[in-house]
Amino acid sequence: MGYILNACLKLPALNILVIALKVYRFPSLDCRHLSGTRGYCDKEGIRKLKRVIAGYPAEGIHFIDSGNYHYLTKLWTDKLRVPFSLIVFDHHPDMQPPLFKGMLSCGSWVKDMLDWNMLCKKVVIVGASDKLIRTVPEEYGQRVSFYSEATLAHEAITRFNFRIPSLSQ
């Protein structure tokens, strides 16, 4: 079962995805009205978001529409009661120390999840840059694996004769 957490849809492709998922009757959870949740999430914002997702199971595919809300994955995984592995598709490892103590952010949520959720056995991050991968502390080496942006591009060329356009242009 999939769930959509609609935090701030702006991209046309994401709007099309939401329409398609609604046609197939996937629930859409609109959280745009919640303060204290964009990019950084304070304790009150976390409480509000946990109330929104409380009635939904964590299992499934979750489409989170904006990079400002990546940390919602941590809230979903906090609901799991069995060991799990997580695959993250992102250009960033999201393993920075938080800029503000007690705040969950789109750049720190993977680190926070690994530090506090002992049920998370492994995280595989697909698509991060080699430069950012090198910034991840060695202490996470046993629990985090990377399939870098460069590896993806190389395999696309060698296996499929396909060039991936640079996202930085």
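User: In this predicted model, which side chain does the side chain of Asp94 join in a polar contact of 2.9 Å?

Analyst: In this predicted model, Asp94 is placed in the loop between E5 and strand E6 (104-105). Asp94 is buried yet has no salt bridge, and the nearest side chain of opposite charge, Lys111, is 13 Å away. A polar contact of 2.9 Å does, however, link the side chain of Asp94 to that of Trp109.

User: How many salt bridges does a search of the whole structure find?

Analyst: One of them joins Glu44 and Arg47 at 2.3 Å, N to O, two residues of helix H2 (residues 43-53) that stand three apart, about one turn of the helix. Another joins Asp78 to Lys74, with the closest N and O atoms 2.7 Å apart, and both of these residues lie in helix H3. Together with the bridge between Lys111 and Asp115, the search of the whole structure gives a count of three.

User: Which element gives the largest share of the lining of the largest pocket?

Analyst: The largest pocket has a volume of about 600 Å³, and of the 19 residues that line this pocket, the closest to its centre are His62, Thr73, Leu86, Ile87 and Val88. Two or more lining residues come from each of strand E4 (61-64), helix H3 (72-78) and strand E5 (84-89). By class, the lining has eleven nonpolar, six polar and two charged residues. The largest share, six residues, is given by E5.

User: Which backbone oxygen does the side chain of Thr37 reach?

Analyst: Thr37 sits in the loop between strand E2 (28-30) and strand E3 (40-41), and this residue counts as buried because its relative accessibility is 2%. At 3.1 Å, the side chain of Thr37 reaches the backbone oxygen of Leu34.

Conventions:
Residues are numbered from 1 along each chain as its sequence is written. This is a predicted model: local features need pLDDT of at least 70, side-chain atom pairs count only at pLDDT 80 or more; totals for chains, interfaces and linings use all residues. Side-chain values use heavy atoms; hydrogens and water are left out. On a 1 Å grid over the protein atoms alone, a cavity is a set of points where a 1.4 Å probe fits but cannot get out, and a pocket is an open set with protein on both sides within 12 Å along at least five of seven lines; lining residues have an atom within 4 Å of a point. Grid points are joined across faces, edges and corners, and a volume is the space filled by probe spheres set on the points. Helices (H or I, at least four residues) and strands (E, at least two) are DSSP runs, numbered from the N terminus. Ala, Val, Leu, Ile, Met, Phe, Trp, Tyr, Cys and Pro count as nonpolar, Asp, Glu, Lys and Arg as charged, and the others, Gly among them, as polar. Buried means under 20% relative accessible area, exposed over 50%, partly exposed in between (1.4 Å probe, protein chains only). Lys and Arg count as positive and Asp and Glu as negative; His and the chain ends are not counted. A salt bridge is a side-chain nitrogen of Lys or Arg within 4 Å of a carboxyl oxygen of Asp or Glu. A polar contact is a pair of N or O atoms within 3.5 Å; within protein, one must be able to donate a hydrogen and the other to accept it, and residues adjacent in sequence count only if both atoms are side-chain atoms.
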